[in-house]
Amino acid sequence: MAEHSLPFAAHQRLHTHDVDEARRRVGNDLGDHGLRPVNPESRLDVRMNGMTLDGIGLYSLGYGTEVLITPQPLDSYLLVEIPLTGVAEVSHGRERITATPELAAVLSLTRPMCMRWSPGHESLIARFDRAALEAHLAKLMGRTPRRPLTFSLGMDLTRPPVRSWLSVVDLLRREAETGGAMLEQPVALRQLEGLLMTQLLLAQPSNYSEALSGGQPRVAPTAVERAVDLIEARAAEPLTVEEIAEAVGVGARALQEGFRRQMETTPMSYLREVRLDRVRAELTVHDPGATTVTDVAYRWGFVHLGRFALAYRRRFGEAPSETLRR
């Protein structure tokens with residue numbers, strides 16, 4: 001494996017040829033596991049890079065030779081293993097798949113499992129804190145889950161909902177690799193983390209898929225009104241639809257339906273409009289030499305600058321840079 005060939009090269013966590021060190025150091029981030037080269041004569045070339053956010057970690061990992069990995073059952077994390085090169089045979093309970101760059105493996109880690117990575121296999125791994133993900137699930141459903149969250153093992157990376165999820169992973173990856181300013185903006189980062197968890201829960205089949213796709217009870221108009229007041233008052237904070245729903249005492253999907261029915265929009269679309277108004281207010285009073293459009297946009301939670309500029313022009317009939325200069 002060529003040096004620095006893996007994603008997150010600026011965030012190197014491990015490079016070793018020692019089995020015991022690899023088992024220990026990788027285990028610190030991804031959970032205890034057994035590790036054994038399939039060919040005892042082969043030489044490990046273990047490289048791992050990665051970064052952690054709040055309830056999410058993103059890592060790249062390769063062993064440089066064919067290995068057998070036996071993760072221990074773990075109740076603190078869930079992992080999504082996305083092959084970049086090569087294949088991996090994965091067995092989790094009675095489910096078995098061959099992971100490829102078109103089929104990822106979602107490891108709920110609730111049962112004993114085994115993985116056999118081919119020579120040259122490299123993966124991008126998303127680690128989710130189980131408590132944070134199940135709390136996010138509770139906000140989406142409007143009730144506390146009674147059983148541990150478990151996903152189907154295979155994730156078809158060609159399905160449109162999964163491609164949407166993967167695009168958020170890729171955005172975080174690019175920001176980390178290029179030193180992007182977005183990772184320093186709490187509002188933007190919280191939005192991306194929430195989006196990553198929501199899209200995973202909606203895109204990948206799980207034991208709560210039926211609950212998430214079922215009909216939602218109607219919310220009272222007063223709940224929508226309270227949500228509007230909260231958005232107006234706290235638009236500068238890293239709000240998510242789940243947090244708004246929890247604050248007004250309803251489920252996230254029920255609140256979305258209430259917004260569509262009563263206001264012909266969604267909570268996050270309404271929040272975006274409020275934030276656009278606040279951005280414009282700042283740009284009209286700031287000195288162009290003392291601030292930038294990018295700084296103001298990130299401060300108000302706009303993580304896609306191209307989409308922000310387009311939405312701003314549609315709303316106000318001019319580019320944000322024009323507002324700032326004027």
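**The pockets and the cavity**

A: By class, the lining of the second largest pocket has six charged, four polar and four nonpolar residues. Here Ala, Val, Leu, Ile, Met, Phe, Trp, Tyr, Cys and Pro count as nonpolar, Asp, Glu, Lys and Arg as charged, and the others, Gly among them, as polar. This is a predicted model, where local features need pLDDT of at least 70 and side-chain atom pairs count only at 80 or more, while totals for chains, interfaces and linings use all residues. Residues are numbered from 1 along each chain as its sequence is written, and side-chain values use heavy atoms, with hydrogens and water left out.

So much for the ground rules. The second largest pocket has a volume of about 220 Å³. Of its 14 lining residues, the closest to its centre are H136, K139, R190, M197 and E243. At least two lining residues come from each of α2 (130–141), α4 and α7. (Helices are DSSP runs of H or I with at least four residues, strands are runs of E with at least two, and both are numbered from the N terminus.)

On the terms: points sit on a 1 Å grid over the protein atoms alone; a pocket is an open set with protein on both sides within 12 Å along at least five of seven lines, a cavity is a set where a 1.4 Å probe fits but cannot get out, and lining residues have an atom within 4 Å of a point. Grid points are joined across faces, edges and corners, and volume is the space filled by probe spheres set on them.

Now for the largest pocket, which holds about 1,200 Å³ of space. There are 36 residues in its lining, and Q191, L195, M268, H304 and R307 are the closest to its centre. The helices α3 (160–178), α4 (186–203), α7 (241–248), α8 (252–263), α9 (267–285) and α11 (305–316) each give at least two residues to that lining. Top contributor is α4, with seven. Notice that α4 and α7 turn up in the linings of both pockets. By class, the largest pocket is lined by 15 nonpolar, 13 polar and eight charged residues.

Two or more lining residues come from each of α1 (19–30), β5 (67–71), β6 (77–85) and β10 (113–117). By class, that makes 13 nonpolar, three polar and two charged residues.

Two of those strands lead us on to a sheet. β5 and β10 sit in an open, antiparallel sheet of five strands, ordered β2-β5-β10-β7-β8; two strands pair if DSSP finds at least two bridges between them. β2 (33–37) and β8 (95–99) are the edge strands, each pairing on one side only. From one strand to the next, the twist averages 15°, using axes fitted to C-alpha atoms (for helices over the stretch in contact) and angles from 0 to 180 degrees between N-to-C directions.

At the β2 end, β2 and β5 pair in the antiparallel sense over five bridges.
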